Amino acid sequence: MAQFELPDLPYKLDALEPYIDARTMEVHHDKHHGGYVQNANKALEGHPELKDKSAEWLLRHIDSVPEDIRTAVRNQVGGHVNHSLWWTVLGPHKGGEPKGQVSEAIDRTFGSFEQFQNSFRQAALSIFGSGWAWLVVRPDHSLEIITTPNQDSSFMQGLTPVLGLDVWEHAYYLRYENRRAEYIDAWWHVVNWDEVERRYQAA
Ligand SMILES: [Fe+2]
């Protein structure tokens, strides 16, 4: 059995319309995420000693991953982990405001949900080229907004992601073309705060 597998989408391809269109979801999930999974498996093939390691473990221990596959793990396993989170923090009939413990932590850290949204939006807009904006939990359980280039995972810095925004053009170009800000503003309508809360409590 392959080490990593492409997870099924937890909803239909058109479930996030009109905010994220079905064709983008299809190409993004099947081709892009599927490609990361395939390439991650290929990279790990020659390293049976890492066969029982999880994707998250490999990223958290990226410095101890053999040098010949370190870049591939960073990019391909990173892409797999980032997208596995991505599908779950989205959902139909979601959006609105966060709830529960993560909501309290957001208010405490950023002042209000609105201030958090502004900072997160700015972070996502500031990314040059491809990358991700993240809400992460530090080891002391405090929250922070960070960005990572390419498919770098926050796990490589010991930070647990609870919400991520994919600003690779493959995530939005079909519908939004170059209008990243418009995509970001639409994206809030499909954020699954129940999942963010679950991840926050598990972090
Ligand atoms: Fe993506």
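Q: How are helices and strands defined here?
A: They are DSSP runs numbered from the N terminus, with helices (H or I) of at least four residues and strands (E) of at least two. The model is predicted, so local features need pLDDT of at least 70 and side-chain atom pairs 80 or more, whereas totals for chains, interfaces and linings use all residues. Residues are numbered from 1 along each chain as its sequence is written, and side-chain values use heavy atoms, without hydrogens and water.

Q: Ok, where is Ser142?
A: Ser142 sits in the loop between β1 (131-137) and β2 (143-149), and its C-alpha atom is separated by 9.7 Å from that of Arg108, 34 residues apart along the chain.

Q: And what is its relative accessible area?
A: Ser142 has 21% and is partly exposed, a class lying between buried (under 20%) and exposed (over 50%), with a 1.4 Å probe and protein chains only.

Q: Switching to the metal, what coordinates the iron ion?
A: His28 (NE2), His83 (NE2), Asp166 (OD) and His170 (NE2) do, at 1.9 to 2.1 Å, where donors are N, O or S atoms within 2.8 Å of the metal (3.2 Å for Na, K and Ca).

Q: Which arrangement do the 4 donor atoms make?
A: The arrangement is tetrahedral, because the angles at the iron ion run from 93 to 132 degrees and four donors qualify if all angles lie between 85 and 135 degrees.

Q: Where do His83 and His170 lie?
A: His83 is in helix α3 (residues 67-88) and His170 in the loop between β3 (160-166) and α6 (173-176), so the pair ties together parts 87 residues apart in sequence. Both His83 and His170 are buried.

Methods:
Tetrahedral: all angles 85-135°; square planar, octahedral: opposite > 155°, others 65-115°.
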